[in-house]
Amino acid sequence: MQFTKQFEGTFAQVKEQIDKFVAEGGHIDAVITDHTGEKVTENHTFGYKMRVIAICSEEES
């Protein structure tokens with residue numbers, strides 16, 4: 001069965017969330033990325049908040 005999961009934040013935050021999801025046994029088949037246009041200041045640099053919609057699948061038992 002497939003489902004979607006949304007991750008949001010800066011690139012580093014999104015990467016950390018995805019790594020954690022995968023480490024906990026999640027499976028990601030594809031991702032759709034988008035920038036929200038919202039500026040984020042991180043370590044004195046400007047970036048844009050991003051949104052990642054992941055198409056996930058449950059492991060078949």
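**Group meeting: a salt-bridge network and a nonpolar core**

Okay, let's start with the charges: Glu-8, Asp-34, Lys-49 and Arg-51 are tied together in a network of salt bridges, where a salt bridge is a side-chain nitrogen of Lys or Arg within 4 Å of a carboxyl oxygen of Asp or Glu. Before I go on, this is a predicted model, so local features need pLDDT of at least 70, side-chain atom pairs count only at pLDDT 80 or more, and totals for chains, interfaces and linings use all residues. Numbering runs from 1 along each chain as its sequence is written, and side-chain values use heavy atoms, with hydrogens and water left out.

pLDDT, the predictor's confidence in each residue on a scale from 0 to 100, averages 84 over the chain, and 89% of the residues score at least 70.

The layout is β-α-β-β along the sequence. Helices and strands here are DSSP runs, numbered from the N terminus: H or I with at least four residues for helices, E with at least two for strands. Confidence is highest in helix 1, at 91, and lowest in strand 2 (residues 28–42), at a mean of 81.

Glu-8 pairs with Arg-51, with the closest N and O atoms 3.2 Å apart. That pair bridges strand 1 (residues 2–9) and strand 3, 43 residues apart. Arg-51 also meets Asp-34, at 3.8 Å from N to O, and this one connects strand 3 to strand 2, 17 residues apart. Arg-51 is partly exposed, at 26% relative accessible area; for the cut-offs, buried is under 20%, exposed is over 50%, and partly exposed is in between (1.4 Å probe, protein chains only).

There are 4 salt bridges in the structure. One of them joins Lys-15 and Asp-19, at 2.8 Å from N to O; they sit 4 residues apart in helix 1, so about one helical turn separates them.

Now the greasy part. Which residues make up the largest nonpolar core? Phe-7, Val-14, Ile-18, Phe-21, Met-50, Val-52, Ala-54 and Cys-56, 8 residues in all. A core here means buried Ala, Val, Leu, Ile, Met, Phe, Trp, Tyr and Cys residues joined through side-chain atoms within 4.5 Å. Strand 3 contributes the most, with 4 residues.

From Ala-54 to Gln-6 is 48 residues in sequence, but 6.2 Å in space, C-alpha to C-alpha.
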